[in-house]
Amino acid sequence: MLLHFNRFIGALGRSIINISDVLIGVTKFSFNILRAGFLSRNLFNPVVLTLITRQIYYTGVELFVTMTITSILLGLAIVGGLSKLLIIFGATASIGSALTIVLVRTAAPFIVGLLLIFRTSTGMFVDVAMMNLNKELTALENMGIDPYKVIFFPRVIASVLSMFILSSYFIVISIIGGFMLLSFQLNTTLLVIGQQVISSLNIQDILSFLIKVLTIGFMITAIPIYTALDEKRSELDILKSLNKAMIRVFYYFVAVLVIVEFML
Amino acid sequence: MSRYVIAIENMSAARDILRYVTDNMLFSDCGVVSDTMPLIASLTVMDNIALPKSYHDRISLSKLEPLVYNLMVSYGIQNLIYYHKKSLSSYEIMLVKILRSLLMQPENILFYMPHDMIHAEDYNRFIDVLDKIENTSVVVVEHTKYVKEFTVKDFKEIGFNQWQTLVTKV
């Protein structure tokens with residue numbers, strides 16, 4: 001009995017140490033990315049700007065069609081369903097604040113975050129892990145090029161910007177999608193619904209949206225890159241590490257959603 | 001400009017040379033063409049060639065495109081400008097690495113074990129391409145058994161320490 005207990009304590013201790021190592025490592029890595037990006041003249045280096053633009057295209061623009069379809073369908077389901085419920089209970093005046101809580105605070109960061117995790121995080125991980133395995137990052141360093149500036153920073157910034165833009169886009173399109181359904185049941189206009197949502201927004205909603213969107217956007221790229229840099233052995237190990245990276249990203253994603261929701 | 005070949009018997013000595021050059025010399029002073037300096041797979045040939053120059057001299061990639069194109073024309077590979085590494089042969093990859101180094105206008109360009117980088121049938125073509133390199137000293141680090149192929153082409157065989165002294169003087 002005591003032996004099992006000791007083993008349990010040992011395993012628990014190791015897990016805590018591992019989690020702490022990862023948290024400290026990711027935090028240091030994130031600071032290094034930000035320092036390389038912002039605390040130098042690097043941001044105005046034309047090649048860095050070009051690479052950021054290309055990454056935005058890959059991370060954000062290529063997702064636009066998927067995002068539009070997803071937003072309309074989910075708008076029909078979430079906005080339409082929620083509004084229908086409020087109509088049944090005779091609380092049509094609360095449509096604006098209900099949509100704000102559901103869309104701005106929860107649905108937009110959650111759905112766009114998931115979409116970017118599926119597409120961008122996995123892509124970033126494989127991309128950087130292969131670069132590391134093929135010694136492309138070392139080659140850059142040997143040419144006097146800082147990989148933090150030309151590889152990591154553009155990817156992370158593009159992810160943050162894409163997350164923000166796609167989340168805002170999701171909210172707008174969802175409301176339009178939901179209104180398409182709602183207009184048959186409720187004598188109202190899109191403008192009125194929009195005004196209700198905007199007037200019910202308070203500073204906490206905006207802060208909650210911004211903190212979720214910006215930190216999730218940052219970490220869904222930084223964590224896979226950080227994990228990928230550990231991988232130097234073989235292509236098979238890259239696949240194993242991909243699981244590790246995605247689990248880390250997912251835990252972080254859930255933690256941010258929950259913690260920010262409780263704090264604000 | 002000078003052309004040197006450094007004969008190497010064992011690989012550890014060769015690795016020491018490469019380590020010395022990459023650790024102590026700037027890419028703009030000594031361009032390195034080596035298997036240990038691969039092209040970036042996610043970038044096009046044009047971007048790979050222009051990246052070091054663009055980064056160090058803060059010139060946009062698009063502004064460098066005509067310069068890169070003209071350089072590629074002189075080596076007959078202008079049709080590859082928007083290709084990625086996966087579509088290139090080992091010889092073409094070697095040429096792109098040469099152009100990446102040359103665009104920085106280095107004093108020296110070091111070829112590290114070129115025989116390991118390209119197929120045997122392309123080797124003579126590679127040695128001929130070296131004739132096109134102007135205004136830059138060419139240094140080839142190669143296994144002893146291939147050194148003769150360079151010495152018949154007016155490459156001077158010297159020891160690494162000797163070349164190191166020459167470069168330091170420059």
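**Entry 1: contact between the chains**

I started with a charged pair: A:Arg54 forms a salt bridge with B:Asp47, and their closest N and O atoms are 2.6 Å apart. I count a salt bridge when a side-chain nitrogen of Lys or Arg lies within 4 Å of a carboxyl oxygen of Asp or Glu. Across the interface of chain A and chain B, the rule finds one salt bridge.

The model is predicted, so I noted the terms: local features need pLDDT of at least 70, side-chain atom pairs count only at pLDDT 80 or more, and totals for chains, interfaces and linings use all residues. Residues are numbered from 1 along each chain as its sequence is written, chains are lettered from A and ligands numbered from 1 in the order in which they are written, and side-chain values use heavy atoms, with hydrogens and water left out.

I then looked up the polar contacts (N or O atoms within 3.5 Å; within protein, one able to donate a hydrogen and the other to accept it; residues adjacent in sequence count only if both atoms are side-chain atoms). Between chain A and chain B the count is five residue pairs, both at pLDDT 80 or more. On the side of chain A that touches chain B, helix 2, helix 4, helix 5 (136-142) and helix 6 of chain A each give two or more residues. Helix 2 of chain A has the largest share of that side, five residues. Helices here are DSSP runs of H or I, at least four residues, numbered from the N terminus.

By contact (heavy atoms within 4.5 Å), I have 23 residues of chain A against 22 of chain B. The two chains bury about 1900 Å² between them, 62% of it on carbon and sulfur atoms. In chain A, A:Glu136, A:Asn142 and A:Met143 lose the most area to chain B, together 31% of what that side buries. Buried area is the accessible area (1.4 Å probe) lost on putting two parts together, summed over both.

**Entry 2: the largest pocket**

I looked up the lining of the largest pocket and found 18 residues; A:Arg54, A:Gln55, A:Arg155, B:Ser42 and B:Leu43 lie nearest its centre. Helix 2 of chain A gives the most to this lining, with four residues. A pocket is an open set of points on a 1 Å grid over the protein atoms alone, where a 1.4 Å probe fits, with protein on both sides within 12 Å along at least five of seven lines; lining residues have an atom within 4 Å of a point.

**Entry 3: salt bridges overall**

In one of them, A:Asp205 pairs with A:Arg105, the closest N and O atoms being 2.8 Å apart. That pair links distant parts of the chain, helix 8 (residues 203-229) and helix 4 of chain A, 100 residues apart.
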